[in-house]
Amino acid sequence: MTEQLRWGLLGTARIAQTAFLPALRTAGHSAVVVGGRDIGRTQLFASENGVNRAVQGYEAVISDSGIDAVYIPLPNSMHAEWSIKALEAGKAVLCEKSLCADVNQARLVIEAARSSSMPLWEAFAFPFHRQYERIVEILSNGAIGELREIQSHFHFQLTDPTNIRLESALGGGALYDVGCYPIRLAQLLFGANATAATAIASWQSCGIDIEMQGVVEYSFERRVLFSCGMLRDTGTYARLVGELGEVRITNPFHARGFDTLEILSAGKERVIENAGTSEPSFTALVRHIAAVLRDETDPRHLAVEDSLSTELALDMVMRSAKTGVVSRTA
Ligand SMILES: NC(=O)c1ccc[n+]([C@@H]2O[C@H](COP(=O)([O-])OP(=O)(O)OC[C@H]3O[C@@H](n4cnc5c(N)ncnc54)[C@H](OP(=O)(O)O)[C@@H]3O)[C@@H](O)[C@H]2O)c1
């Protein structure tokens with residue numbers, strides 16, 4: 001393993017350009033190769049984004065002996081196939097969320113990750129962010145008592161009618177795109193698997209959920225109330241409600257330097273803290289992966305630990321949303 005981790009990218013995705021590659025540069029690593037369906041477009045992407053080489057197709061990336069790790073920002077429906085292939089090719093893998101938009105595919109990926117000597121992460125960057133570490137510290141110090149309820153929104157406005165999120169066959173829809181964040185947050189903070197779910201959705205004629213609201217339940221009367229969608233201006237927040245107070249987080253999933261945590265504890269002055277860093281939100285995750293591959297630290301939040309629980313919860317939510325609302329009759 002060289003000092004600098006050498007990354008390969010599958011596809012010329014927007015998220016690679018706007019979030020992953022800036023974080024990689026901040027962390028001092030580089031992308032060695034990008035593979036795409038159209039070689040001309042892939043070459044342009046490589047030259048505009050500081051990637052050394054462009055190749056035709058994804059197979060050429062995962063079989064490249066000059067890379068240590070593969071980043072997979074393909075549409076959700078393609079995550080299973082390419083994560084499994086990259087693990088089998090002996091690469092460490094960072095696959096975008098949602099790991100899969102189908103729980104049976106997720107089981108196959110987790111099985112492949114369990115039998116591989118290489119690690120797989122699902123690209124939820126927030127658990128590696130300094131802000132999340134501070135949240136865990138606040139909760140374990142008992143500042144708000146036992147955590148009982150999480151209220152969390154993740155909305156943004158999708159204006160491009162050709163976007164992958166509007167294609168059912170590509171694993172699109174609001175739940176698997178952004179609703180997965182509040183559900184992952186709840187799973188991590190409650191340290192438990194979801195036990196039940198109730199949800200309602202607004203469906204598009206193309207078959208995807210454009211908005212969804214719901215409740216996911218956990219043992220000991222704990223729950224997350226979530227709302228997600230692709231119709232409004234970007235807005236995220238989380239409110240962690242405990243028995244003795246609450247924590248309000250302005251940007252729980254991609255915190256920037258100016259985002260804040262507000263701690264309200266019974267009988268105490270309100271405290272407002274800064275999220276802590278203005279580095280691109282993937283930076284801490286990218287640093288963690290490098291440290292693991294250099295044997296400097298134990299892996300945290302591997303897909304084998306976290307992802308199947310999230311997929312099972314998402315599956316329950318989706319089944320509830322599809323069953324429909326039961327209305328009271330006169
Ligand atoms: N963790 C986060 O913060 C975060 C944020 C945004 C998105 N994401 C995730 O990242 C993934 C990509 O999202 P994105 O917004 O970056 O999407 P995008 O710009 O549309 O990129 C997807 C890439 O997949 C490739 N692709 C392969 N088959 C395709 C098909 N049939 N249709 C369209 N593209 C296809 C394309 O690359 P080539 O044509 O070059 O092969 C395309 O550039 C999704 O899983 C999404 O959930 C994560």
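Predicted model: local features only at pLDDT ≥ 70, side-chain atom pairs only at ≥ 80, totals over all residues.

Author: E122 and R184 form a salt bridge, with their closest N and O atoms 3.0 Å apart. E122 lies in strand β6 and R184 in helix α7, so the pair ties together parts that are 62 residues apart in sequence. E122 counts as buried because its relative accessibility is 4%, under the 20% cut-off. R184 is buried too, with a relative accessible area of 2%.

K97 forms a salt bridge with D177, and the closest N and O atoms are 3.3 Å apart. K97 sits in the loop between β5 and α5, while D177 is in helix α7, residues 174–190. The two are 80 residues apart, so this pair links distant parts of the chain. K97 and D177 are both buried.

Now the stretch after helix α8. Here the side chains of E296 and R294 meet in a salt bridge, at 3.5 Å from N to O. E296 counts as exposed, at 52% relative accessibility. R294 is partly exposed, with a relative accessible area of 24%. Shared partners also matter: salt bridges join K97, R165 and D177 into one network.

Helix α8 itself, residues 283–293, is mostly covered, with nine of its eleven residues buried. Among them are L285, H288 and L293. The buried residues of α8 pack against several elements, including β5 and β6. D295 follows the helix and has a positive phi, near 60°.

Key: Residues numbered from 1 in each chain as written. Heavy atoms only, no water. Buried < 20%, exposed > 50% of the residue type's maximum accessible area, 1.4 Å probe, protein only. Helix = DSSP H or I, 4+ residues; strand = E, 2+ residues; numbered from the N terminus. Contact = heavy atoms within 4.5 Å. Salt bridge = Lys/Arg side-chain N within 4 Å of Asp/Glu carboxyl O.
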